[in-house]
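Dear colleague,

Here is the structure I said I would hand over. My notes on it follow below.

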Amino acid sequence: MAASLWRSVFGSTALAAAEEDGGVAFWSNPERAGWLTKQGEYIKTWRRRWFVLKQGKLFWFKDSQVTRASIPRGVIPVAACLTVKGAEDVINRAFAFELSTRSETMYFIADSEKEKEEWINSIGRSIVQHSRSLADAEVVDYDSVRRAAITSSSTDAKPSSTDQE
C-alpha cells in the first residue's frame, strides 16, 4: 500500500531510488557532484538534474541542496553499467555522453567538454572499482566451491594403504 502510494506521488524511479540507496550517505562527501541534463524515463524531454556519485551509485535530484532528508529522483548502480563514453555523434548534442547497461543506454549532457570528461572519468573509475570488487567476490566463491569439491572428493576416495596404517 505504502509503495503504491509512493509510486503514484513520486513515480517508480523515485521508489526504486529510495529502496536502492543501500544506506549510502549521498548528502556528504560525494566522489563527484554536479549538474547534468538527462532524458526523462517515460517522457523523453531533457531535464537538468543534480547528480551525486558515491559508493558505486549515481543518484539524481531536482536541486543541488542535497541533505539527509533528500529523496533521490533516481539511482543507477554502476555495477550494472558496462560502458561510459562520449555520445555527441549519437544524439547530436555537444558535451553528451552515454552510460550503458545490458538492457539500456542512458544519455547525459554536461555543461562543458571538461565537465563531460570529468564525469566520464569519475563514472568509469567507479565502474572499474565496483566490477573489481565483484570479480574478487566471484573468485572467492569459486575458490570456496573448489575447496568444497576437493574436500568432498578426498573424503569420498577410498583410503590408501598409508591412511590405514
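Glu88 and Lys116 form a salt bridge, with their closest N and O atoms 2.6 Å apart. This is a predicted model. Glu88 is partly exposed, at a relative accessible area of 23%, whereas Lys116 is buried, at 4% relative accessibility; the cut-off for buried is under 20%.

Lys116 also meets the side chain of Glu117 in a salt bridge, at 3.6 Å from N to O. Glu117 is partly exposed, with a relative accessible area of 33%. A network of salt bridges links Glu88, Glu113, Lys116 and Glu117.

Another salt bridge joins Lys114 to Glu118, the closest N and O atoms being 3.1 Å apart. Both residues lie in helix H4, four residues apart, or about one turn of the helix. Lys114 is exposed, at 59% relative accessibility, while Glu118 is partly exposed, at 27%. The count of salt bridges comes to six.

Now the sheet. Seven strands make up an open sheet with antiparallel pairing, in the order S4-S3-S2-S1-S7-S6-S5. Its edge strands, S4 (74–77) and S5 (81–86), each pair on one side only. On average, neighbouring strands of this sheet are turned by 30 degrees against each other, direction ignored. Strand S3 (residues 57–61) pairs with S4 in the antiparallel sense over four bridges, and Trp60 stands opposite Gly74 in S4.

Regards

Technical notes
Residues numbered from 1 in each chain as written. Predicted model: local features only at pLDDT ≥ 70, side-chain atom pairs only at ≥ 80, totals over all residues. Heavy atoms only, no water. Pairing = 2+ DSSP bridges. Helix = DSSP H or I, 4+ residues; strand = E, 2+ residues; numbered from the N terminus. Axes fitted to C-alpha atoms, helices over the stretch in contact; angles between N-to-C directions. Salt bridge = Lys/Arg side-chain N within 4 Å of Asp/Glu carboxyl O. Buried < 20%, exposed > 50% of the residue type's maximum accessible area, 1.4 Å probe, protein only.
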